[in-house]
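Let's take a walk through this structure together. Have the viewer open and follow along.

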Amino acid sequence: MINLNINGQSIEYMGDPQTPLLWVLRDELDLTGTKYGCGIAQCGACTVHVNGTAQRACALPVAAAENQPIVTIEGLSVDGDHPLQTAWKDIQVPQCGFCQPGQIMQAAALLASNAGPTDAEIDTAMSGNICRCGTYPRIRAAIKSVAGASS
Amino acid sequence: MSDSLQAPVFDISRRRFIKAVGVGGVFAVSTQLLSPTHVFAAIGGTSLTTSQAVNLFVALTKDGTVEITCHRSDMGQHIRTAIGQIIADEMEADWERVRIVQALGDPRYGDQNTDGSRSIRYNFDRLRRLGASVRQMLAVAGGQHWGVPAGECVVANHKISHTKTGRQLDFQDVVNRLMTVEIPQDAAITLKARDQWRYINTGMASVDMDDLINGRAVFGADVRLADTKVAVVARPPVVLGKVKSFDASAALAIPGVLKVIAIPVPTAPLVYQPLGGIAVIATNTWAAIQGRNALKIIWDSGVNGSYDSREYQQRLEQKAREPGRVIRSQGDINAGLAAATTRLDAEYYVPHLSHAPMEPPVATARMTSTGVQVWAATQNPQADQAEVSRMLGLQPAQVEVHVTLLGGAFGRKSKPDFSSEAAYLAQQSGFTIRLQWTREDDIQHDFYHTVSAQKLSAGLDDQGKILAFRHRTVFPSIGALFSAGTTNPSAGELSQGFSDSPISAPNLQLEVGEAQAHVRIGWLRSVNNIHHCFAIQSFIAEMAAAAQRDPKDYLLEVIGPARLLEFEGMSEPYPNYGETLTRYPYDTGRLAHVIRLAAASAGWGRTLPRGSGLGIAAHRSFLTYVATVVELNVSSSGELTIPKVWMAIDAGTVVNTDTVVNQCQGGAVFGLSCALHAGITLQNGAVEQTNYHDYAVSRMNEAPPIIEVQVVASDALPAGVGEPPTPPFAPALCNAIYAATGKRIRQLPIGNQLRT
Ligand code: FES
Ligand code: FES
């Protein structure tokens, strides 16, 4: 049995400890905001916070996340009102939206550790997250609008 | 499990295909104004068999909420919002009280095939009329309520007012009365004037915005039905290959794996049939993937087993060096080329491309007592009905297709092989099945963008003016998917940036060569425009360089004076994306206009430092004109950076101005991926790439930080938006590379070609 702490809730997981966290979230807990895009830590669609850092849930065995606070997009804010989510709305970032939970989680982890990232720091932090629809200029603008507001 | 952990369950109870009016306090507008000639004339191939059929686009609930049905699929182009804007505007609904409902697949909606950049083109007029008819009916209902003529009633922003007395009613006050009001005749419908539009031609946010940023949006894989099992399939590595033998014992030993089922071998033509193979069904996705990996299968490669894309490239290139079938001819090409002072020849190559939408294909299916229900990220639910019914031996009407949000599509998801797999496995296993494609499945078993070789030749006079232009194109046709052995591209494929060449030359000849298809060829965002635009717009810059002219000025000169192209000398009529040239002319003036706009905003002509350059390209596709200017820098080691891109688009009347900008930005980045990285190669008939690490798409660090878009204000008929921004990007980029370095890229992807 593995003890998980997800979005402030305690969960006991009985399945295969090698199962990637992604599939536990999606298949067992119906937390479908965390997406599958590649399964090999190449796209960032599955990004969650583990202990406050951005992690690819598709490449993280659930056992490795035991007893650490895990936050998914569903738990990032109560009403979808994290400053980044607000900026995402204002700038109308999403096209299809499939990558956006991962992008927002990645950006939130970036700003939590660096409130005023430079363009190069944004590139470094965000380039593991693919947006096939190509919303990169808007993602960058949204991150900068929040970073600018808080600095 | 606590409530806060519950992801919302897809609302399966909200079945919107209600044939009767006035069900459960819901008023539904059925309308006969959608007469076959009026609405369906532009929708080639769809026959409205029951012109009396109820089309439910608008419903009012008891509390006055307006429910607007969206019958097209949303893959990021925000069509759910745009359709809402059109209808809500014309019927004067308050946007805050509008709810968008997604239609099931049903031919009674007319065409639901959401590709070809045509949702607005096909529906703008009919949906405006539909909305306007409701507004007029609301006025009648208000008039009846007060016992005054409808003409004295004004409908605005969810209210009906009696102008003489100032009395007001809310829409909700007339719901019941509305049910008895006669639908106005087509001729009696009055549309709002453009300057009265509230929502159309504004940049309103997506109706799904909140869901998209808080993780609640329901995409294909997010559908949650009771007791669903997950299936993952091992498909033949080679198209038309099959299983020789297999051993599933190791797979079945994996905890969670329930069943292993063989999927029937398809026969040519493939159309949308599943490719066959072995499915592993498990209690969860991880177990299904593990089980699939544990299968031991010996494959028979079949007829395509010797396909080698490198060797095939040489054959295509050779073919392009030989005379082909003449598609369009003006003047005397040989005499023109012979008379030239300067002769240019160049060969271009663009490889197979994969759609690689962020969300791989996925569908959920469950059998019912009357047929099957399918929930799918599909661009074309009616195609799902047709393919699933074929696969299961049912009638299309027995297949109920629910359309989820699509996590990107780009043409991939208009081919419903994945729904068919899900439904077949549901039928065979008795389970509710979620059929999940992995990314590897997606990259390796796509309906690929074609592969093409082209040879372009030009003759210039001593002033550098174009005397003669010859363009040969060779590529396997999408037609082979539908008719096995097809080796000639259709007029439609050729019309995409080839037969509609805007080049104004006294001697011009366009030729096509035959090519066999060895993979499933499909359509990918802007289709044949990708390779044709790349070649032509690069070659025009080559001519400009040979003539020692400014590329933008030369481009404008080659396009010639503003005029409507008549396509003289064509071997078959120019298809014009299914529209007449009267309704949607090819106006070279509009093409020149976007070129001038993009060039002006980019500050074309300014001096840039060494290693930097500007490149320009322009193209008409899907009846829309786009010009793109790329500024780029190439470092001494060959690293590319793109500080800025400028685009101008003339798509006629546009519904959502911000969506147009977003699609232009996205289309540019999509073009960037094609140009820099993308390329599917095959050996022994099998695709060599597997996932995003070896089929790379552009990431933030290489995407232009700023893509400035000008949307031309136009009251011309609406044209396409989703696809047209893509084609000019790659040639604009390569023209910028030439400006920066003097190196001409003629083969995509650019890959390592600039590395020093
Ligand atoms: S799904 Fe985890 S990084 Fe792509
Ligand atoms: S918005 Fe579609 S993949 Fe990013």
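Predicted model: local features only at pLDDT ≥ 70, side-chain atom pairs only at ≥ 80, totals over all residues.

Residues are numbered from 1 along each chain as its sequence is written, chains are lettered from A and ligands numbered from 1 in the order in which they are written, and side-chain values use heavy atoms, leaving out hydrogens and water.

Start with chain B, which splits into domain 1 (49-214), domain 2 (220-303 + 361-436) and domain 3 (309-354 + 447-741); these bounds come from an automatic or database domain assignment. Domains 1 and 2 of chain B have their C-alpha centres 38 Å apart. Their contact (heavy atoms within 4.5 Å) takes 17 residues from domain 1 of chain B and 16 residues from domain 2 of chain B. Together they bury about 1200 Å², 53% of it on carbon and sulfur atoms; buried area here is the accessible area (1.4 Å probe) that two parts lose on being put together, summed over both. On the domain 1 side, B:Met75, B:Leu104 and B:Gly105 lose the most area, together 37% of what that side buries.

Now zoom in on B:Val148, in the loop between helix H3 (119-146) and strand E5 (153-156) of chain B; helices (H or I, at least four residues) and strands (E, at least two) are DSSP runs, numbered from the N terminus. B:Val148 counts as buried because its relative accessibility is 17%, the cut-off being under 20% relative accessible area (1.4 Å probe, protein chains only). Leaving aside neighbours within four places in sequence, B:Val148 touches B:Gly143, B:Cys153, B:His162 and B:Arg167. Of these, B:His162 sits 14 residues away in sequence and 8.3 Å away in space, C-alpha to C-alpha.

Finally, step back to both chains. Here 65 residues of chain B are in contact with 58 residues of chain A, and about 5100 Å² is buried between them, carbon and sulfur atoms giving 57%. The count of salt bridges between chain B and chain A is 6. A:Lys89 forms a salt bridge with B:Asp210, with the closest N and O atoms 2.6 Å apart.

How values were computed:
Buried < 20%, exposed > 50% of the residue type's maximum accessible area, 1.4 Å probe, protein only. Salt bridge = Lys/Arg side-chain N within 4 Å of Asp/Glu carboxyl O.
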